[in-house]
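These notes go through the model point by point, for a colleague who has it open alongside.

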Amino acid sequence: MVIENLIIDLSKNPFDPKLNFDTAVEYQRLNQTASAVSFYLRSAEYGKRDSLLTYTSLLLMSQCFNDQRGREFSVSNCILQAIAVNPKRPEAWLLLSRFYESLNQWQEVYTYAHVGLGCDSDEQLPAHVGYPGAYSLHFQKAVAAWWIGRKEEAFSTLKILSSMDLDPMYKNIVAMNLEKINALL
């Protein structure tokens, strides 16, 4: 079993941030989020302060807390810590925008999506954190624009998104939102 081999390796080198990260990823894959959080935390603590591994560990830790339910403060705190590690990457801004979407705090959704659009992600992260691309930030901003009274901006952004090559889930939601907005305008 993979986890057993990782634990054996960790017993020989407990301060290796990458090994702790790999162990956390495996625990998360097994839906053992409490264990995953522990190893993501160790990875972040033992890693370089500004490394992509630390940044990714914090974002994945936020996902574990989110899966545990009722840990909203921990979720947002991990994302904010990731932003402190690397404020120029878009992934954390998207996750923060989605976090506030879950709370129906639309101005925050709009603002954090807007900030994220000014960021860049040239270097690939060591694991997927739920960031499909910049279009997801445009989508967040468009939906939030509708809720904060910027209907024309919402419509024009969704129109642009509808002509892009999107993940099928986004494509369908964009089309549905355009239909609804068209009916109301």
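1. A pocket here is an open set of grid points, on a 1 Å grid over the protein atoms alone, with protein on both sides within 12 Å along at least five of seven lines. A volume is the space filled by probe spheres set on the points. The model is a predicted one. On these terms the second largest pocket has a volume of about 160 Å³.

2. Which residues line the second largest pocket? The lining consists of R89, E91, S121, E123, Q124, L125, A127, H128, V129, G130 and Y131. Sorted by class, these are four nonpolar, four polar and three charged residues.

3. Two members of that lining, R89 and E91, are also paired with each other: their side chains form a salt bridge, with an N to O distance of 2.6 Å. Are R89 and E91 buried or exposed? Both are buried.

4. The largest pocket has a volume of about 290 Å³. Its lining is made up of 16 residues, and those nearest the centre of the pocket are N66, V75, R98, F99 and S102. By class, the lining divides into six nonpolar, five polar and five charged residues.

5. Which helix gives the most to the lining of the largest pocket? It is α4, with five residues. Helices α4 (52-68), α5 (72-85) and α6 each supply at least two residues of this lining.

6. Helix α6 deserves a separate remark for S97, which lies in it. S97 is buried, its relative accessible area being 0%. Leaving aside neighbours within four places in sequence, S97 is in contact with V109, Y112, A113 and Q140.

7. Helix α8 covers residues 134-147, and its length can be checked: at 1.5 Å a residue, 14 residues should span 20 Å, and the end C-alpha atoms are 21 Å apart, which agrees. Just after α8, G149 takes a positive phi of about 90 degrees.

8. Why can α8 be called largely enclosed by the rest of the structure? The reason is that 10 of its 14 residues are buried, where buried means under 20% relative accessible area.

9. E153 has a relative accessibility of 24%, so E153 counts as partly exposed. Salt bridges with shared partners join K141, R150 and E153 into one network.

10. The structure holds five salt bridges. Another of them is formed by K18 and D22, whose closest N and O atoms are 2.7 Å apart. K18 and D22 are four residues apart in helix α2, and therefore separated by about one helical turn. An α-helix has 3.6 residues a turn, so residues three or four places apart point the same way. K18 is partly exposed, at 40% relative accessibility, and D22 is partly exposed as well, at 27%.

11. Helix α2 (residues 17-29) also holds V25. At 30% relative accessibility, V25 counts as partly exposed. Not counting residues up to four places away in sequence, V25 touches Y40 and L60. The C-alpha atoms of V25 and A127 are separated by 8.4 Å, although these residues are 102 apart along the chain. A127 has been named above, in the lining of the second largest pocket.

Methods. Residues numbered from 1 in each chain as written. Predicted model: local features only at pLDDT ≥ 70, side-chain atom pairs only at ≥ 80, totals over all residues. Heavy atoms only, no water. Expected span 1.5 Å × (residues − 1). Buried < 20%, exposed > 50% of the residue type's maximum accessible area, 1.4 Å probe, protein only. Contact = heavy atoms within 4.5 Å. 1 Å grid on protein atoms, 1.4 Å probe; cavity = no way out; pocket = protein on both sides within 12 Å on 5 of 7 lines; lining within 4 Å. Nonpolar A, V, L, I, M, F, W, Y, C, P; charged D, E, K, R; others polar. Salt bridge = Lys/Arg side-chain N within 4 Å of Asp/Glu carboxyl O.
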